[in-house]
Every structure is written in C-alpha cells, then in structure tokens.
Amino acid sequence: MAQAQPLMPHATASWLVENTALTFEQIADFCGLHILEVQAIADDTAATKLTGRDPVRAHELTMEEIEKGQANADYRLKMSKGPEQIRRTKGPRYTPVSKRQDKPDGIAWILRNHPEISDGAIGKLIGTTRTTIGAIRDRTHWNIANIVPKDPVTLGLCSQRELDAIVAKAAKQAGIEAPTDNRLEGDREALITELRQQREQAARDAEIAAAAEAAGDEPAPAAPAFEDPFKK
C-alpha cells in the first residue's frame, strides 16, 4: 500500500529541494509527485515564488529520516504519522470548486485516449460518478455540445504521476503494453510551463485550505494516494 503524502506536496518539495541534499527521486517519492515536477520546482523556484513548507516542523518528517536519505540515495523516506483529520481512505477525491467545471473535459480526454481505464478508476482519479462518465461516453450529457477533451493533468484535476499510475495499472489488467513516457524527448520548456501552472494552482489551493484550517474550519480532504509507477 502506498504511504501517506504531505498535506502540501508542492510546497514541501520546494523546501526539501532548497534545504536538503536529497535526490529528486527521493523528494518525488516522498511528496507523491512526478520526478519532472520536482525538476521544474528546482529549475524555477525563484520565478514562481513558491513558499516552502518545512515537513519537520509539520511533524511529517524527521531530521533522522532526512539524514538517512542524504546518506543513501536509494533510501525511501518514511513519513511520520500525521494528524488523523488530514488522512483520507474512502470516497471520491476532493476537487476545488474552481476546477469542477473542467471535469467533463478531463473525463472525455481519458475516454478517448485510454478506453482501457475502468469507470471506477476514472471516478477515483477525477472525483466524479459512474453516471457522469456514462453520460459523456454515450454523448447524453446535458452539456455534451460544449465538452472538449482536455488532458486532466493540464486542467489540474490530477497529477501526471497519478495519471501514469492509472494508465499503467489499466494496461496491465487489460494485458496490453503501457505507453512509454517520452516526455523528456519533447519540448522541455513547454513541459515546465505546464507543471508550473499546475504547481501554482496547487499552491493557491493549499493556501486556501491552510487559511480555512487556521480559522477553525475543517481542512479540505486530501487526495488518495496512488501507487508509484516509477518504483521498481
């Protein structure tokens, strides 16, 4: 089972990049991010002005764990037990209100590009229902005329790492070869721009959640953890 992830993964990754000698792979694994997201954070932290979040002060990681990781690049960091209120094990993933109108476009993209993915898996990834997925597939959705297939990662509905995990799992179950990740062969600047936009949105959502928590409101539920497709 995949381990729990930090409450604010992008901000935590930014802090680890700036303050430790951990590898990008270790940081990506601990924060539940794609390796390219961590690379983008390292390349462009100053420009995005992403405020780092200290996982040690947040009681999500100990200095002993960081030291173990710095001494051994193959060591997988173990997260300290976090507050129960930020844990989540059941139910659909939380999607910020500002992103919910984009869900149909993301669902349509997955149905078109990865028909092997089950409705249940799409529902967990995007945070939607089987009824909605079925309506989009059958073109009976009330707003079908305005639905345009768009990559859910670009829309900020999920991370590339989460999508890769779902695609790899579905391909394995269907007995087909999972697509090869060739993004490093493409336009790196375009990729970093895309990841930067996703990171900035995640940072804004995290700030809203933190403000609500400070005001005494219940924090927004965290997304469920996904298996790491890059972990051998």
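Helices in this description are DSSP runs of at least four residues, numbered from the N terminus. The model is predicted, and by this assignment the protein chain comprises 11 helices and zero strands. Along the sequence the order of elements is α-α-α-α-α-α-α-α-α-α-α.

Of the 232 residues in the protein chain, 44% are classed as buried. The accessible surface of the chain amounts to about 13,000 Å², and carbon and sulfur atoms contribute 51% of that area.

The buried positions of H1 are Pro9, His10, Ala11, Thr12, Ala13, Ser14, Trp15, Leu16 and Val17. Helix H2, formed by residues 24–31, is likewise mostly covered, with six of its eight residues buried. In H2 the buried set consists of Gln26, Ile27, Ala28, Asp29, Phe30 and Cys31. Gly32, which lies just after H2, adopts a positive phi of about 70°.

Two helix pairs that share H7 were then considered. Packed helices are described by the angle between their axes and the distance between the axes. For helix H6 (residues 103–113) and H7, the axes approach within 11 Å and cross at roughly 140°. The crossing of H6 past H7 is right-handed. On the H6 side the contact involves Lys103, Ile107, Ile110 and Leu111, and on the H7 side Ile122, Leu125 and Ile126. By residue class, this contact of H6 with H7 contains six nonpolar residues, no polar residues and one charged residue.

Helix H7 (residues 119–126) also packs against helix H8 (residues 130–138), at an angle of about 110° and with the axes 9 Å apart. Because angles of 65 to 115 degrees count as roughly perpendicular, H7 and H8 are described as roughly perpendicular to each other. H7 passes H8 in a crossing that is right-handed. The residues that form this contact are Asp119, Gly120, Ile122 and Gly123 from H7, together with Arg130, Ile133 and Arg137 from H8. The composition of the contact of H7 with H8 is two nonpolar, two polar and three charged residues. Ile122 of H7 takes part in the contact with H6 and also in the contact with H8.

Glu65 is located in helix H4, residues 63–71. Because a residue counts as buried when its relative accessible area is under 20%, Glu65, at 9%, is buried. Leaving aside residues up to four places away in sequence, Glu65 touches Tyr75, Arg76, Leu77 and Lys78. Lys172, by contrast, is placed in helix H10, residues 160–174. The relative accessible area of Lys172 is 73%, and this residue is therefore exposed, the cut-off for that class being over 50%. The C-alpha atom of Lys172 is separated by 9.8 Å from that of Glu116, although the two residues are 56 residues apart along the chain.

Notes:
Residues are numbered from 1 along each chain as its sequence is written. This is a predicted model: local features need pLDDT of at least 70, side-chain atom pairs count only at pLDDT 80 or more; totals for chains, interfaces and linings use all residues. Side-chain values use heavy atoms; hydrogens and water are left out. Buried means under 20% relative accessible area, exposed over 50%, partly exposed in between (1.4 Å probe, protein chains only). Accessible areas come from the Shrake-Rupley method with a 1.4 Å probe; for residues, only the protein chains shown count as cover. Axes are lines fitted to C-alpha atoms, for helices over the stretch in contact, and angles run from 0 to 180 degrees between N-to-C directions. Angles under 35 degrees count as roughly parallel, over 145 as roughly antiparallel, 65 to 115 as roughly perpendicular and the rest as oblique. A crossing is left-handed if the near helix is turned anticlockwise from the far one by less than a right angle, and right-handed if clockwise. Contact means heavy atoms within 4.5 Å. Ala, Val, Leu, Ile, Met, Phe, Trp, Tyr, Cys and Pro count as nonpolar, Asp, Glu, Lys and Arg as charged, and the others, Gly among them, as polar.
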